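Hello,

Here is the structure I promised to pass on. Please look it over, then read my notes below.

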Amino acid sequence: MELHRGALVPCFEMPARVDHILAAVARAGWRVEPPREYPDAVLAGVHDADYLAFLRGAYAQWRAEGREGFMLPGAFPARGLRRDRVPTGLHARLGYYAFDAGSPIVAGTWQAAQAAAHCALTAADLVAAGERSAYALCRPPGHHAGRGMFGGYCFLNNAALAAQRLRDAGLARVAILDVDYHHGNGTQDIFWQRDDVPFVSIHGDPDTEYPFYLGHADERGAGAGDGCNHNFPLPRGTDWTRYAATLEQALERIAGHAPQALVVSLGVDIFEGDPISQFKLQAADFPRLGARIAALGLPTVLVQEGGYAVAEIGDNVAAVLAAFD
């Protein structure tokens with residue numbers, strides 16, 4: 001269960017999402033490879049060590065205290081409270097590392113997040129080795145996970161890990177394009193002060209849309225990263241005509257940074273039938289989206305993020321991927 005806009009409801013992020021995507025991939029006849037295994041030390045390239053240790057052991061500690069079911073935080077270190085001291089108690093640490101009550105930790109959370117990260121790292125390695133594109137079917141998604149925080153169903157930042165993996169392979173600059181309906185606040189957090197991974201996001205206006213507190217157009221980066229963060233918030237009801245015009249602006253920003261590769265946070269919750277999003281893109285718009293991104297001609301890693309119209313998610317994802325086939 002998750003707390004969504006004041007109501008405790010079943011999670012929108014569900015296992016069936018993967019099943020529908022795999023079925024669509026099978027219909028398209030594309031090759032599917034299992035992820036490779038990676039040591040946890042690779043995750044520390046974008047995440048804090050204490051945060052990773054918390055995620056690994058949180059549910060085991062929960063059970064050791066005699067509790068069952070799912071873990072949700074009940075308090076957060078908001079304004080006026082201390083964030084400079086990591087608490088020792090489990091419930092306090094849960095709220096310290098979380099930024100919402102919509103991302104329950106359950107028995108398999110760490111294993112699932114770890115496997116999703118391995119998918120993204122595998123896709124990055126394939127592209128680094130010469131593939132023109134690779135798609136990582138990640139579940140749970142990742143773009144809301146920051147260097148030391150989780151939320152929005154995201155625990156490890158798969159797109160950030162893929163970008164860092166490409167950088168470690170010797171690529172001087174790797175851009176990230178986030179097309180998920182919700183702003184990739186975690187990715188922005190990780191690369192905020194870096195100029196080697198420019199971040200460009202098109203998303204719902206944070207004045208009304210989750211995650212609410214980041215994603216405004218005036219957020220440009222800091223330090224070495226000043227001018228490398230580009231947000232394009234759009235209003236509810238945005239259709240393909242307006243989205244396509246904004247996409248052109250976003251792609252111009254990416255081209256201006258002259259990246260050697262691209263990571264796409266592929267959220268298809270921009271679909272008009274998505275239950276928790278408010279854009280109006282139709283099924284016929286996803287091939288257009290894929291074609292325009294592919295036209296950049298960059299080696300590309302596509303990482304699955306959101307998309308909660310479960311029956312349609314597979315076809316919408318496949319429509320984007322077809323442009324890279």
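Where is Met1 found? Met1 sits in the segment before β1 (2-4); strands here are DSSP runs (E, at least two residues), helices likewise (H or I, at least four), numbered from the N terminus.

Some ground rules. This is a predicted model, in which local features need pLDDT of at least 70 and side-chain atom pairs count only at pLDDT 80 or more, while totals for chains, interfaces and linings use all residues. Residues are numbered from 1 along each chain as its sequence is written, and side-chain values use heavy atoms, leaving out hydrogens and water.

Met1 is partly exposed, because its relative accessibility is 36% (buried is under 20% relative accessible area, exposed over 50%, partly exposed in between; 1.4 Å probe, protein chains only).

Next, helix α1. Arg17, Val18, Ile21, Ala24 and Val25 are buried there. The buried residues of α1 fall within an arc of 130° seen down its axis, so they line one face (the arc is that of directions from the helix axis to the C-beta atoms). Asp19, Ala26 and Arg27 are exposed on the other side. Just after α1, Gly29 has a positive phi of about 80°.

Now the charges. There are 15 salt bridges (a side-chain nitrogen of Lys or Arg within 4 Å of a carboxyl oxygen of Asp or Glu). Arg17 pairs with Glu13, with closest N and O atoms 2.8 Å apart. Both residues, Arg17 and Glu13, are buried. A salt-bridge network links Glu13, Arg17 and Arg139.

Best wishes
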